[in-house]
Amino acid sequence: MNKEYYLIEGEEKKGPYTYEELVDMHIDIYTEITTSISDTPKYASELPEFNDYFIAQGVYFPTEDNLAPYVKRLGAFLIDYFALYIIVSNIATRTGWIVLPTDYTLGKPVPPSMLLLSATIMITFLLYKTIFEATNLKATLGKKIFKLIVVDINGQRLSIGRALLRNLGVILSITIWLPFLSVFFSEHRQAWYDSLAKTYVITTVIN
């Protein structure tokens, strides 16, 4: 006997429906459903049989199987950071907006122009990551290259506020580096800023 499904809308229970009928109705992750097996309402996202349907809709729930590997996260970060570093540095110096000293050596006080360039790169990096991760792409260009996306616990794209909170943590980590190591000690491969913002970096390709 095939499992039957019932939609819960307020106090009303509609159905029964087949799996195919529910899919044709374009249910979302928050659709409440009971089944012929259990009268306990659950969100559609909690029913494993709908995973493939949601993946086809571009919704990837964070699971133990799709958490992003450390190496891919690092690769995506390096591509994003150094690509942006080169672009911003060239624009700033070639336009004459920032003039870097030609005789600077390590050990000397850092000149204001170098501090300004560093601040400009960091702010641009913050805005770039925040905006891209809050779009339907759910990822920066570096992450796209490695087939990674950033999502919340429901597999949804981040709000602009959540993305900003996450990436403020990224910027802070860049300045002292050590917090990046928190990924290695996290059960869900989350950096400390992922835990703070309740975000997950996952891969859309599982080998």
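Guide: A residue is called buried when its relative accessible area is under 20%. In this predicted model, the buried residues of helix 4 include S113, L117, T120, I121, M122, F125 and L126. Y128, K129, T130 and E133 of helix 4 are buried too.

Visitor: Why is K129 called buried?

Guide: The relative accessibility of K129 is 4%, and the cut-off is under 20%. K129 therefore counts as buried.

Visitor: Which residues does K129 contact, leaving aside neighbours within four places in sequence?

Guide: K129 is in contact with T140, K143, R166, N167 and V170. K129 itself lies in helix 4, residues 112-133.

Visitor: What covers the buried residues of helix 4?

Guide: The cover includes helix 3 (70-94), helix 5 (141-145), strand 5 (148-151) and helix 6 (160-176).

Visitor: How do you know that the span of helix 4 agrees with its 22 residues?

Guide: At 1.5 Å a residue, helix 4 should span 32 Å. Its end C-alpha atoms are 31 Å apart, so the two values agree.

Visitor: What makes strand 2 and strand 4 edge strands?

Guide: The open sheet has four strands in the order 2-1-3-4, paired antiparallel. Strand 2 (12-17) and strand 4 (42-43) each have a single partner strand, so one side of each has no neighbour in the sheet.

Terms used:
Residues are numbered from 1 along each chain as its sequence is written. This is a predicted model: local features need pLDDT of at least 70, side-chain atom pairs count only at pLDDT 80 or more; totals for chains, interfaces and linings use all residues. Side-chain values use heavy atoms; hydrogens and water are left out. Helices (H or I, at least four residues) and strands (E, at least two) are DSSP runs, numbered from the N terminus. Buried means under 20% relative accessible area, exposed over 50%, partly exposed in between (1.4 Å probe, protein chains only). Contact means heavy atoms within 4.5 Å. Two strands pair if DSSP finds at least two bridges between them. The expected span of a helix is 1.5 Å times one less than its number of residues.
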